[in-house]
Amino acid sequence: MSNLIKSPILDTKDCVNNPVSKRSLLNPDYSCSKKQKLGSEMTDTANQKRPNFSALSTSPNGLNKTASLVNTKPGAAKKLVIKNFKEKPKLPDNYEEQTWEKLKEAVIAIQTSKSIRYSLEELYQAVENMCNHKMAPHLYLNLTELTEQHVKANIQQFMAESMDRHFFLKKMNECWLSHCRQMIMIRSIFLYLDRTYVLQNPTIHSIWDMGLEMFRHHIVMNTLVQTRCVDGLLMLIEKERQGDAVDRTLLKSLLRMLSDLQIYQEAFETKFLLATERLYAAEGQRLMQEHDVPEYLAHVSKRLEEENERLLHYLDSSTKWALVHTVEKQLLSEHLSAVLQKGLDLLLEENRLSDLCLLYSLFTRVKTGLHELCTNFNGYIKKKGRTIVIDPEKDKTMVQELLDFKEKLDHIVVKCFLNNEKFNNSLKEAFEQFINQRTNKPAELIAKFVDSKLRAGNKEASEEELERLLDKIMVLFRFIHGKDVFEAFYKKDLAKRLLVGKSASVDAEKSMLSKLKQECGGGFTSKLEGMFKDMELSKDINVSFRQYMMNARTAHLLNNIDLTVSILTMGYWPTYVAMDVTLPAEMVQYQTLFNKFYLGKHSGRKLQWQPTLGHCLLKADFPQGRKELQVSLFQALVLLLFNKADNITFEEVKAATNIEDGELRRTLQSLACGKARVLQKTPRGREVENNDVFAYDSQFTNKLCRIKINQIQMKETNEEQKATEERVFQDRQYQIDAAIVRIMKMRKTLSHNLLISELYNQLKFPVKPADLKKRIESLIDRDYMERDRDTTNQYNYVA
């Protein structure tokens, strides 16, 4: 309104060459209020015709303006005269008091929830007029005092001595919501004051903030009121934590109030977190004693979900980290060791995947959780693995148990521990540690396990399953330090499979060989590959031998006996003890012919026959019909004796065949006491004695045409095992000697410690420092190296 009263009347003189002066008549910035008078004097006749614009019409803001054009001639200058009011407009003397009374009445009506006599537009206009006439400071002060009086009056309802907490919270919430509604209404009326005077003075609060400050200072900051309010909130939250249903809307509203009043952290959050810590500390101690680990973990997960729901529904987001951290600390961090010691072994033993998944997910929340879990996981593997490996009674099932154990743990790591690299490395380290606690035995048993799976009698698995099994076995093989022990036993078993024809599949054999070569290099498998090469060459030699027999006019022998010979290179195959037995004349004749044939083609070589590895197919005529007997060479030699006699004593058999005593007894047992009994023993019994008599069984029957009579396998004695291990040890000595000479030849001079360190880097099998020292002394005695004369701890190479 002040603009309208102060507006002067403009005097615009003629202005040549100033076209803007014409347009200024239309500019609303020069408009006046209804009280303003627009005077215009024109020099020419007012009724003259105006070609461009005529007397001004009502302006856009509703003011009536009257103007006369001075000169109506085209192109002539025009004159517009605007004069000031003769008297400056004045406000009524009591305008400020009257207007404030009107506004005060409206504010009190809002505060007491009564109807307002004046329209909001009128009240708004009154505030605007007061602001425009420099009454804003006084107006703001009056409004502040009025608001303060009202807020002070509200404090009394919360000061009663005895009041139910829940009722108190409801009254507080009603008071707060009512105050907010009132301040919103009041601010809408005093909006012009808020947007002009308050914005121009940064030191004073906005009307809304002023209302919040009054409520905060006079009500919430009151010690008794604040204590009752916060204690009531904590009581409701504790009830909810105990499973009771509470009014979450009430909680949300009051906590929002504390946040809006900027006292959430100091008044509520600190006490809330302290109460939370006390609650869960006591609960954690109690439940760890009462529940087993799976139940406890489920409870912790449930508690975390509940606290996240509280954050979602009514707690301030700023509390999230501190609250979750408090729960995790009291329910998890404080009980990490107890949880792992009490329940991890059980969960792993019973393969409880869901519980292990939960355990892992909860332990990821805690700083040292995964480290502790990984350490205890490693300890369980070592403890469990040791019981499998160390116990000699479990030797028969050791490898299968290790495979099952490894597969189970791999599944746990992938599914429950999210294939965490630390857990994978820990698993490998634990396996490598416990599997080598029993020297050499696991390597030997793994080799025998492979043998059992690659034999022709194994019908447990298809080719694909067998391939997968070999891959799993190779995983165990990688953990073994003494791989040369595995090679020695594997080579011995492979030789039996190849020579007796018991190999289940050549493809499977070569697949295993390629896996070993890939793992250990060509040097490790060179002898094994040589064995396969010998078998291939033997097939060609036998074809050539038959052709030789046909051309040498000895074809009559072919009608009676068919001989197949396997030529074995001694360096590739295991060492077999030579045994001389008495063969029938026909066999001896065949051997002589083969010697002549082979040595004729390969001069300089020496053939040594090994009857222990031979096997035969005999045609036998029984009263019930002809049968084919698949037997060993020793069994064949015994059975051929019965072509000349029906009854033969043990001593006579021994003299006629010259078979070693123990081997002969096992052979006779297999023929007279096994499933297919082609001989009868007198007296009856399982054991073969020196006085026993054996007779041809004329009543022998069997539904099969070809019958395989298995040799009674002599269990591998400790002496044989030790002999194999001794050969491995001897080979290791040669490798140590070669490594020492190789290093010294390159370095010429080296200290003892550096030489030992170099040997450990080069040797691929476990060895003790004492054994290395013995080999060094042996080489010094054999003049490969010498001690330095000045430094006894240093060696020199002797060229």
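A: We begin with a definition: helices and strands are DSSP runs, numbered from the N terminus. The model shown here is predicted. By that numbering, helix α32 is followed by D783, whose phi is positive, near 65°.

Q: Which residues of α32 are buried?
A: Buried means under 20% relative accessible area. In α32 this applies to L772, R775, I776, S778, L779 and I780.

Q: Where else is phi positive in a residue other than glycine?
A: The general idea is that most residues other than glycine have a negative phi. S113 has a positive phi, near 60°, and lies in the loop between α3 (95-111) and α4 (120-132). S113 is exposed, with a relative accessible area of 65%. K748 has a phi near 70° and belongs to the loop between α30 (718-747) and β9. K748 is partly exposed, at 46% relative accessible area.

Q: Which peptide bond is cis, and what is its omega?
A: In general, most peptide bonds are trans. Here T682 and P683 are joined by a cis bond, with omega about -5°. P683 is placed in the loop between β6 and β7.

Q: In what order do the strands of the open sheet that holds β5, β6 and β7 stand?
A: A sheet is read strand by strand across its pairings. This open sheet has 3 strands in the order β5-β7-β6, with antiparallel pairing. β5 (647-649) and β6 (679-682) each have a single partner strand, so one side of each is left without a neighbour in the sheet. From one strand to the next, the twist averages 25°. The antiparallel strands β5 and β7 (693-696) are joined by 3 bridges, and T649 stands opposite V693 in β7. Helix α28 (650-657) packs on this sheet, touching β5 and β7, and its direction makes about 80° with that of β5.

Q: How many bridges join β9 to β11, and how many pair β10 with β11?
A: Bridges show which strands are partners. Strand β9 (749-751) runs antiparallel to β11 (794-797), and 3 bridges join them; the partner of T749 in β11 is N796. Strand β10 (785-787) also pairs with β11 in the antiparallel sense, over 3 bridges. E786 stands opposite N796. β10 and β11 form a hairpin with 6 residues between them.

Q: Which residues have the most contacts inside the largest nonpolar core?
A: A core is a set of buried nonpolar residues joined through side-chain atoms. The largest has 151 residues, and F190 and F268 have the most contacts inside it. F268 touches, among others, V230, L233, L234, I237 and L315, not counting residues up to four places away in sequence. A second, separate core of 33 residues includes V581, C616, L664 and L668.

Q: How many helices and strands does the protein chain have, and what share of its residues is buried?
A: Totals set the local features in context. The chain has 32 helices and 11 strands, and 43% of its 799 residues count as buried. Among contacts between residues at least 6 apart in sequence, 71% join residues at least 24 apart. The accessible surface comes to about 45300 Å², of which 50% belongs to carbon and sulfur atoms.

Note on methods. Residues are numbered from 1 along each chain as its sequence is written. Side-chain values use heavy atoms; hydrogens and water are left out. Buried means under 20% relative accessible area, exposed over 50%, partly exposed in between (1.4 Å probe, protein chains only). Helices (H or I, at least four residues) and strands (E, at least two) are DSSP runs, numbered from the N terminus. Two strands pair if DSSP finds at least two bridges between them. Axes are lines fitted to C-alpha atoms, for helices over the stretch in contact, and angles run from 0 to 180 degrees between N-to-C directions. Contact means heavy atoms within 4.5 Å. A nonpolar core is a set of buried Ala, Val, Leu, Ile, Met, Phe, Trp, Tyr and Cys residues joined through side-chain atoms within 4.5 Å. Accessible areas come from the Shrake-Rupley method with a 1.4 Å probe; for residues, only the protein chains shown count as cover.
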